[in-house]
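The structure is shown first.

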Number of protein chains: 2
Amino acid sequence: MSPKELAQKAKEASFVSASLSTEKKNRILSRLKNLIESEKSYILQENQKDLEEAQKIGLSKSLIERMKVDEKVLREMTSSIGDVLSLPDPVGEITKMWRRPNGLLVGRMRIPIGVIFVIYESRPNVTVEAFSLCLKSGNAVILKGGSEALNSNRALYTLIRRSLSEEGVSPEIVQMVDTQDRNYIYQLLELDELIDLVIPRGGEELIRTVVEKSKIPVLKHYKGVCHIFVDESADLSMAYEICLNAKVQKPATCNAMETLLVHENIAQVFLPEMEKRFSQYGVRLKGCEKTRKILKMVEPADESDWYTEYLDLILSIRVVTDIEEAIAHIKRYGSNHTDAIITRDYERAWKFLREVNSSLVLVNASTRLNDGFQLGLGAEMGISTTRIHAFGPMGLEELTVTKFVAFGNGQLRY
Amino acid sequence: MSPKELAQKAKEASFVSASLSTEKKNRILSRLKNLIESEKSYILQENQKDLEEAQKIGLSKSLIERMKVDEKVLREMTSSIGDVLSLPDPVGEITKMWRRPNGLLVGRMRIPIGVIFVIYESRPNVTVEAFSLCLKSGNAVILKGGSEALNSNRALYTLIRRSLSEEGVSPEIVQMVDTQDRNYIYQLLELDELIDLVIPRGGEELIRTVVEKSKIPVLKHYKGVCHIFVDESADLSMAYEICLNAKVQKPATCNAMETLLVHENIAQVFLPEMEKRFSQYGVRLKGCEKTRKILKMVEPADESDWYTEYLDLILSIRVVTDIEEAIAHIKRYGSNHTDAIITRDYERAWKFLREVNSSLVLVNASTRLNDGFQLGLGAEMGISTTRIHAFGPMGLEELTVTKFVAFGNGQLRY
């Protein structure tokens with residue numbers, strides 16, 4: 001099937017998915033959940049093929065770990081379907097309605113975006129998560145997973161299509177790109193009249209390539225260089241807890257803290273105590289000159305460190321003279337992802353909230369809270385740092401757009 | 001200045017524009033309004049240079065008409081500034097706020113998008129309109145007008161920068177691309193980390209080129225092929241009025257009706273009467289076979305007519321057997337712009353509203369109402385048919401995005 005034919009199929013199917021009732025969508029999800037449970041030996045067997053191939057060609061251990069499907073991963077899959085199942089259906093919601101002087105009643109109604117192209121890497125879970133979210137929000141979806149997980153993704157794709165067919169719904173709602181030919185993907189990325197949105201999930205290189213090649217709007221985030229600024233007025237015991245949580249609770253995630261900014265008036269007190277706690281968790285510290293006057297053993301941080309997303313137990317530290325310097329640092333080196341201030345000062349809390357325009361800005365809480373579930377949006381498709389449409393976690397609402405609707409009784413334009 | 005330097009300047013200035021108070025923004029707009037009035041002889045003189053050049057190189061009469069600035073156009077400019085001045089400032093609005101079980105208060109706050117690149121053709125008014133809307137919504141803006149209006153745009157750009165400087169605000173908030181080198185524009189369109197959004201306003205070719213070249217998200221509409229479906233249950237006298245208004249009130253606009261769909265059960269009665277009215281306004285009709293059995297003198301419409309945006313006093317007509325056929329026609333040939341149904345039937349009104357996913361869907365009102373002012377949004381940057389971010393008229397709110405804000409007292413992730 002040519003890229004155009006595949007996209008055309010998805011486009012036609014998107015009219016079907018857009019008009020499915022909530023009940024029907026939930027029945028499909030529920031059926032898929034059951035199928036994943038009843039057909040788990042099939043999934044594991046197909047995944048085994050991928051794992052063997054991966055070992056044969058010598059893929060890294062961490063990559064193999066990511067693509068592995070076991071009982072735990074299967075439970076995560078079915079539980080993520082359950083999460084989406086229990087979320088309210090965003091389609092058809094009237095978000096606002098007002099009456100014009102001529103009597104025309106105008107409103108905004110949520111509708112699906114149309115066809116969403118999701119490009120991702122090794123984790124086969126994403127196949128199930130992306131489908132569930134796109135289906136519930138009434139979209140058709142084109143899936144392109146990592147080549148290393150091809151057999152696993154094919155198996156899941158087969159089950160997804162079965163769950164649709166068995167509910168009497170066109171399986172064309174979901175399409176899978178089943179080729180390793182990069183040109184095929186590049187051609188899909190040209191089809192801006194058939195595909196409405198591209199969401200790449202993966203490393204910076206993947207995302208840059210997609211942005212480079214795509215004529216279709218892309219929602220993405222390149223990296224999360226997240227900051228916490230500990231103000232001089234901070235409650236220090238709270239600051240220790242939050243900074244520790246933001247760095248060590250799961251360091252490989254995009255919302256983990258990468259740079260700590262400390263007000264110089266408390267650095268003398270705060271840093272040595274903080275260092276003790278970090279060292280218990282094996283965090284390697286890098287610091288500016290002022291930091292290194294207080295923490296003598298810390299390695300120097302250079303300019304490139306301020307731009308770096310370590311995704312590891314490494315942290316850069318900078319002592320700043322005031323909140324202005326902290327905000328200027330974030331504007332210069334930050335990635336618009338997640339930034340927090342720890343303070344007891346009312347003015348500074350608001351100043352930070354107003355002036356730092358990252359996808360989530362927090363006062364007195366951990367950056368790790370930038371997540372669909374933590375913020376109360378439910379399951380999400382990733383966190384966007386693109387400053388249009390969806391800035392922050394992309395939940396079901398972010399997979400919709402609003403159209404205007406108008407109820408008239410003969411209104412004309414004069 | 002290289003494209004990168006220019007975009008860098010705009011990016012830095014966007015932090016300034018983002019934090020301007022509403023009062024300050026309104027004072028700048030008010031000053032610009034006064035400057036346009038007091039410096040009108042300068043503007044007219046610069047415009048004259050463009051007009052002379054245009055005549056010399058033999059530009060079309062309609063193009064020259066579009067780029068001409070006279071007293072009336074100047075009044076339109078100042079009045080458009082006044083419109084923006086009186087609109088509420090969207091920046092800082094908290095659109096929603098909720099409390100999480102752990103006590104974290106989470107909200108969504110409107111912020112500017114950042115740097116917006118507006119590319120447009122001949123009308124110098126757009127220079128003023130685009131600046132006013134971007135300033136009021138806290139964005140920095142890069143302007144690229146048509147080369148044929150270069151002197152006029154330079155004059156307006158100079159006045160805009162004066163209005164900023166005289167209010168003590170960095171004039172770098174507005175940048176103008178002052179070169180005819182296409183590569184300069186293409187290079188700007190690569191800078192997705194400095195420019196956040198591109199809005200091309202103009203013909204289909206301009207827009208296609210921008211989409212082709214841009215790594216930055218683009219909000220656009222290619223064309224408006226708008227439909228009215230006159231159902232068998234329609235109030236016919238209302239249908240005559242609405243169809244006439246939608247076709248003849250301003251045929252060169254994107255929200256004018258291009259195709260009329262008529263239920264076969266009323267075609268015999270409706271079409272001859274409608275034809276009479278259209279003929280009074282010189283509308284040229286093209287019809288399907290069924291139409292031509294009723295209106296014998298009408299030219300045949302072929303497949304390509306259904307896709308055509310005439311932007312003129314020409315209309316294609318198709319007789320359909322039911323609402324399903326009407327909706328299928330719109331899905332196939334429509335452009336997601338504006339579509340209306342005329343009906344007295346409750347079920348069909350809702351079916352049409354639900355199933356037609358254009359940027360504005362109307363019941364019993366004219367397609368010409370798809371406009372920021374008509375819908376009550378105020379001044380707008382054009383009508384987007386891109387199904388993300390802003391679908392329909394792009395008013396001030398559509399030039400913002402929401403960030404998440406969170407007020408905590410020590411919340412961590414577990």
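## Basis of the report

Two strands are said to pair if DSSP finds at least two bridges between them. Helices (H or I, at least four residues) and strands (E, at least two) are DSSP runs, numbered from the N terminus.

This is a predicted model, in which local features need pLDDT of at least 70, side-chain atom pairs count only at pLDDT 80 or more, and totals for chains, interfaces and linings use all residues. Residues are numbered from 1 along each chain as its sequence is written, while chains are lettered from A and ligands numbered from 1 in the order in which they are written.

## The sheet of chain A

In chain A, 4 strands with parallel pairing make an open sheet in the order β5-β4-β3-β6. The edges are held by β5 (174–176) and β6 (197–201) of chain A; each has a single partner strand, so one side of each is left without a neighbour in the sheet. On average, neighbouring strands of this sheet are turned by 20° against each other, direction ignored. Such angles are taken between axes, which are lines fitted to C-alpha atoms, for helices over the stretch in contact; angles run from 0 to 180 degrees between N-to-C directions.

Strand β3 (residues 115–120) of chain A runs parallel to β6(A), and 5 bridges join the two. A:Ile116 has A:Leu197 as its bridge partner in β6(A). Helix α1(A) packs on the sheet, where it touches β3, β4 (140–144) and β5 of chain A, and its direction makes about 140° with that of β4(A). Helix α7(A) lies across β4 and β5 of chain A and runs at about 160° to β5(A). Contact here means that the C-beta atoms of two residues, placed from the backbone, lie within 7 Å.

## The sheet of chain B

Chain B has an open sheet of 4 strands in the order β5-β4-β3-β6, and the pairing is parallel. Here β5 (174–176) and β6 (197–201) of chain B stand at the edges with a single partner strand each, so one side of each is left without a neighbour in the sheet. From one strand to the next the twist averages 20°.

Strand β4 (residues 140–144) of chain B pairs with β5(B) in the parallel sense over 3 bridges. Within this pair, B:Leu143 is bridged to B:Met176 of β5(B). Helix α7 (residues 150–166) of chain B packs on the sheet and touches β4 and β5 of chain B, with its direction at about 160° to that of β5(B). Helix α9 (residues 204–213) of chain B lies across β3 (115–120) and β6 of chain B, running at about 160° to β6(B).

## Two helix contacts

In chain A, the axes of helix α2 (residues 22–38) and helix α7 (residues 150–166) come within 9 Å and cross at roughly 135°. The two helices are therefore oblique to each other. Angles under 35 degrees count as roughly parallel, over 145 as roughly antiparallel, 65 to 115 as roughly perpendicular and the rest as oblique. Residues making the contact include A:Ile28, A:Leu32 and A:Leu35 of α2(A), and A:Leu159, A:Ile160 and A:Leu164 of α7(A). By class, the contact residues are 7 nonpolar, 1 polar and 3 charged. Ala, Val, Leu, Ile, Met, Phe, Trp, Tyr, Cys and Pro count as nonpolar, Asp, Glu, Lys and Arg as charged, and the others, Gly among them, as polar.

In chain B, the axes of helix α2 (residues 22–38) and helix α5 (residues 71–86) come within 9 Å and cross at roughly 170°. That makes α2(B) roughly antiparallel to α5(B). Among the residues in this contact are B:Leu29, B:Leu32 and B:Ile36 of α2(B) and B:Met77, B:Ile81 and B:Leu85 of α5(B). The contact of α2(B) with α5(B) has 8 nonpolar, 4 polar and 2 charged residues.

## The interface

Chain A and chain B each give 59 residues to the contact. Elements of chain A with two or more residues on the side that touches chain B include α1 (3–18), β2 (105–112), α10 (236–248) and α15 (346–355). The largest share of that side, 11 residues, comes from β16(A). The side of chain A that touches chain B divides into 28 nonpolar, 19 polar and 12 charged residues.

Strand pairing also runs between the chains: β13(A) and strand β16 (residues 400–411) of chain B pair in the parallel sense over 5 bridges. A:Leu360 stands opposite B:Phe404 in β16(B).
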